Amino acid sequence: MLALRDLQAAMAAYLVSGDAAGIVGSVVGDSIPAAARLRIHRHHLHASLATALAGTFSTVRQLVGEGFFRAMARAFIATNLPTQPVLSEYGQEFADFVERYEPARDLPYLADVARLDWALNLAFHSPADPRLSAADLTTVPIEQLPSRTVHLAAGTTVIRSIYPLDRIWATCRPDAPADTVDLDEADARLLVFRRRDDAGFVAVSEAEAAFLQSLAAGACLEEGALAAFAADATFDLSVTFARLLDLGVFAAMQHQVWNDSVMGRPRAAFAAQSFAAPHDKSP
Amino acid sequence: MAPVAGIGLRAPHLAAIGRDRPTTAFLEIHAENYLAPSPALEAVERLRDDYALSVHAVGLSLGSADGLDEAHLARVASLIDRLQPAHVSDHLAWSVSDGRYLDDLLPLPYTEEALGIVTGNVSRLQERLGRQVSLENPSSYLAFTHSTLSEPEFLSEVARRSGCGLLLDANNLYVTACNLRLDPKAWLDGLPMEAITEYHLAGHTVNDADGAPILIDDHASRVGGPVWSLFGEIVARLGPRPTLIEWDADIPALEVLLDEAACADRVVAEQGRGHARAA
């Protein structure tokens, strides 16, 4: 007789590997053999985790279809079980897995689509903390603004891709008309963020992306603007700043750390590695 | 009799329920879907003043020999603190082993060892939340050769030792009885009536297991006829309790859920009268 901890370890080993040798002797078999009874649980585990992944990576699922997605999910699950029960937080490694998944090698944009789905999922599961408004900024002396850091609201991130991710995403909406996307038509820089009732994204320019990524890494406004100018000498800080304020992608004052000089450089609102790595265009 | 039947609050219905505020005895959510912030959690918080809530957890893994995951427990406690639900529950099952979450309600051997472990975990949960929780009978697809207690004996003893409530799922009982060749009426005889806090109802499907039928508790259809009959028997014997219609896959129009709840209320009104006469 197995102690409960050993029984649970044996059951877990079976569910992952499909090898029932360590557990089948502990299960009652009758007109339904023990192995067939055990298979119900193994099937359920894979089906329910694949369903969770299909919900989080709904654009990927839409692109590849149910059968392909289920097979890909099964392969992912075999080496990536969740470590806790909140399934909206399951799948962080899925995009990298998709990039290496051999049967998807003819769909080179698929991993970036998965990165967009994951970023939207993270933005959706972010708090609706108050956002910075133009009125808030009137309390900051104008000469101090350049040295200020402005944190991005939780869940805000920039996704870059050499593929037109926004066009691909649009064709996957349930009500989208049948359409084709030229993969070479444009690369994408998408600002993903939490909105009031959902998560969404807008396309941003190279300079705006540089500005946002600089702020995310903890730079002050002046440093952010310099990064943007380096990307595009015609960058207009006031236009971009007004647009980003309007989108609500900056955390409100009370969620900012304003006294850099006393506290030292504050940590960025989110880590730089939450960005997808920029892709180089293939020659 | 005031309605006792509530419905599961699922994402496709969130906007309609927020807008139309249909009448229902309570709304149930799965704890694990609301532990991270989201617009959906904010929508539930807006409903809190108008509806009694039931927080039904599926991932506490009360049967784990490893004990409870304190980090997860803290998140559940925080949600319960925010929502102040009328009911809190999870299952007599396990889903965590060695830090891996096996997304299923996995079966336990009904042994003295497991009884001690479940009682300890339920007691820890109640201590952390500062309130009673209810333990739900699972749908079973297999039994272990070394079980020494029946399921009602096991549930009764956990309730007696920990002071927890028992959530009686009529569909789970029907599924278990068919799959493990038990008599559901004899099963009911072993349950302490005073510990029962809530009923659940759901649909199941019939699958094939190596040529023999096996019932799968998939929460993807209306409550089946035999389960309505068993539910009537339960209410006649044990009296009315808050009753949840569960529907978690192939989710239908809100009106269908509300209609199922109305059916449950009719059974309770009918059988509850019989119960009152018998009492």
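**View 1. Pairing of strand 4 and strand 7 in chain B of the predicted model.** Strand 4 of chain B, residues 87–91, runs parallel to strand 7 of chain B, residues 134–136. Three bridges join the two strands. Within this pairing, His91(B) has Glu136(B) of strand 7 of chain B opposite it.

**View 2. The barrel of chain B and a helix packed on its sheet.** In chain B, eight strands close into a barrel, and their order is 1-2-3-4-7-8-9-12. The pairing is parallel. On average, and with direction ignored, neighbouring strands of this sheet are turned by 30 degrees against each other. Helix 6 of chain B, residues 170–180, packs on the sheet. This helix touches strand 8 (165–169) and strand 9 (196–202) of chain B. The direction of helix 6 makes about 70 degrees with that of strand 9 of chain B.

**View 3. The buried face of helix 2 of chain B.** Helix 2 of chain B spans residues 39–47, and its buried residues are Ala40(B), Leu41(B) and Val44(B). Seen down the helix axis, these buried residues fall within an arc of 100 degrees, so they line one face of the helix. What covers them includes helix 1 (14–20), strand 2 (27–30) and helix 3 (70–83) of chain B.

**View 4. The side of chain A that touches chain B.** Contacts between the chains involve 43 residues of chain A and 38 residues of chain B. On the chain A side, the elements that give two or more residues are helix 1 (4–17) and helix 2 (34–56) of chain A. Helix 2 of chain A supplies the largest share of that side, ten residues. Sorted by class, the chain A side has 26 nonpolar, eleven polar and six charged residues.

**View 5. The largest nonpolar core and the surroundings of Val192(A).** This core has 153 residues, and those that touch the most other members are Ala114(A), Val192(A), Ala170(B) and Leu201(B). Helix 6 of chain A, residues 110–124, gives the most to the core, with eleven residues. Leaving aside residues up to four places away in sequence, Val192(A) touches Ala119(A), Leu120(A), Ala123(A), Thr157(A), Ile159(A), Ala199(A) and Phe201(A).

View 6. Among contacts in chain A with a separation of 6 or more, residues 24 or more positions apart account for 68%.

Notes:
Residues are numbered from 1 along each chain as its sequence is written. Chains are lettered from A and ligands numbered from 1 in the order in which they are written. This is a predicted model: local features need pLDDT of at least 70, side-chain atom pairs count only at pLDDT 80 or more; totals for chains, interfaces and linings use all residues. A residue is buried if 20 or more other C-beta atoms lie within 10 Å of its own, exposed if 12 or fewer, and partly exposed in between; C-beta atoms are placed from the backbone. Helices (H or I, at least four residues) and strands (E, at least two) are DSSP runs, numbered from the N terminus. The arc is that of the directions from the helix axis to the C-beta atoms. Two residues are in contact if their C-beta atoms, placed from the backbone, lie within 7 Å. Ala, Val, Leu, Ile, Met, Phe, Trp, Tyr, Cys and Pro count as nonpolar, Asp, Glu, Lys and Arg as charged, and the others, Gly among them, as polar. Two strands pair if DSSP finds at least two bridges between them. Axes are lines fitted to C-alpha atoms, for helices over the stretch in contact, and angles run from 0 to 180 degrees between N-to-C directions. A nonpolar core is a set of buried Ala, Val, Leu, Ile, Met, Phe, Trp, Tyr and Cys residues joined through C-beta atoms within 7 Å.
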